[in-house]
Amino acid sequence: MKTKLLLVFILFSTSVFAQVVKDYDPQIQRTTNLQYFKPVEKHLFTGDCMPYYHKGTFYIYWLLDEGHHAGLGGLGGHQWALSTSKDLINWTHYPVAVGIDEDWEKSICTGSVIADKGKFYAFYSTRVKDAKGVHEQLSYAMSEDEGKSYVKQKPNPFYYAPQECVSRDFRDPKIFKDREDVYHLFISGYKKEPELDGFGGYLVHLISKDLKDWKEIESLLTGQVATPECSDYFQWNGWYYLLYSTGETLITLNRRNLTDLGNILVHRLL
């Protein structure tokens, strides 16, 4: 009986693993002229680049896609791949950095990374499916090899969509730390009951002191015509930028000469 159960388990595990393994070979990809890059393998594609810069190295994490979102029954089946460069000309490609390891993980969705205290942390949404439908929830992973490979952390997930947010639209976490050593997450969301019908897109705003315990605070961006996808936030040349897309439109909000996140919250970036 035990032998039969073991055989069933092995066959089931192999079946699940086979659904998400991408025969992506980082060694055969082109390493220069990366504009419009896609893997050599014809059925594989790139999606949702997640740029990061750390100590002279440019990191681009990107979604490894099979058949334009056709993986795992149309739920994506995405995993994070990684390419790095010192000069934005010559690139090195790596095996999957954050992959699908469990049957309940239907897609490792877009997110962001942060290097802190000698380690890298990757924050992302995991797409899941149950009897009630498709949902997205927050997960994170840690790397001790400068962001090349990650180990998922517990609890997984560590945060579910707030009560007011549609659980199918809770993704793309952007992580950063302010000058007071408080960590922030901006998460793309859509309100179940928006103040104005048809304008429920907003950014869920979470804060933490230790990257583990998170609490929600007032959103700084609400009333969007659609879920504000793949937000990014950064400071450059005295300007603070918040970027995101709604549908097929890229939105850029900025303020001049803001000195800290507190001022951004006061001015609401508008």
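Strands β6 and β7 form a hairpin with 2 residues between them; strands here are DSSP runs of E with at least two residues, numbered from the N terminus. This is a predicted model, in which local features need pLDDT of at least 70, side-chain atom pairs count only at pLDDT 80 or more, and totals for chains, interfaces and linings use all residues. Residues are numbered from 1 along each chain as its sequence is written, and side-chain values use heavy atoms, with hydrogens and water left out.

**Strand β6 and its neighbours**

- β6 runs antiparallel to strand β7 (residues 133-143), and 11 bridges join them; two strands pair if DSSP finds at least two bridges between them.
- Asp-130 stands opposite Gly-133 in β7.
- β6 also pairs with strand β5 (residues 107-116) in the antiparallel sense, over 8 bridges.
- Ser-107 has Arg-127 in β6 as its bridge partner.
- A hairpin with 2 residues between its strands is formed by β5 and β6, and Lys-117 in the turn has a positive phi of about 55°.

**Ile-187**

- Ile-187 lies in strand β10, residues 183-191.
- Ile-187 counts as buried because its relative accessibility is 0%.
- Leaving out residues up to four places away in sequence, Ile-187 touches residues including Leu-138, Phe-170, Tyr-202 and Leu-206; contact means heavy atoms within 4.5 Å.
- Lys-174 is 13 residues from Ile-187 along the chain, and their C-alpha atoms are separated by 6.5 Å.

Conventions
Helix = DSSP H or I, 4+ residues; strand = E, 2+ residues; numbered from the N terminus. Buried < 20%, exposed > 50% of the residue type's maximum accessible area, 1.4 Å probe, protein only.
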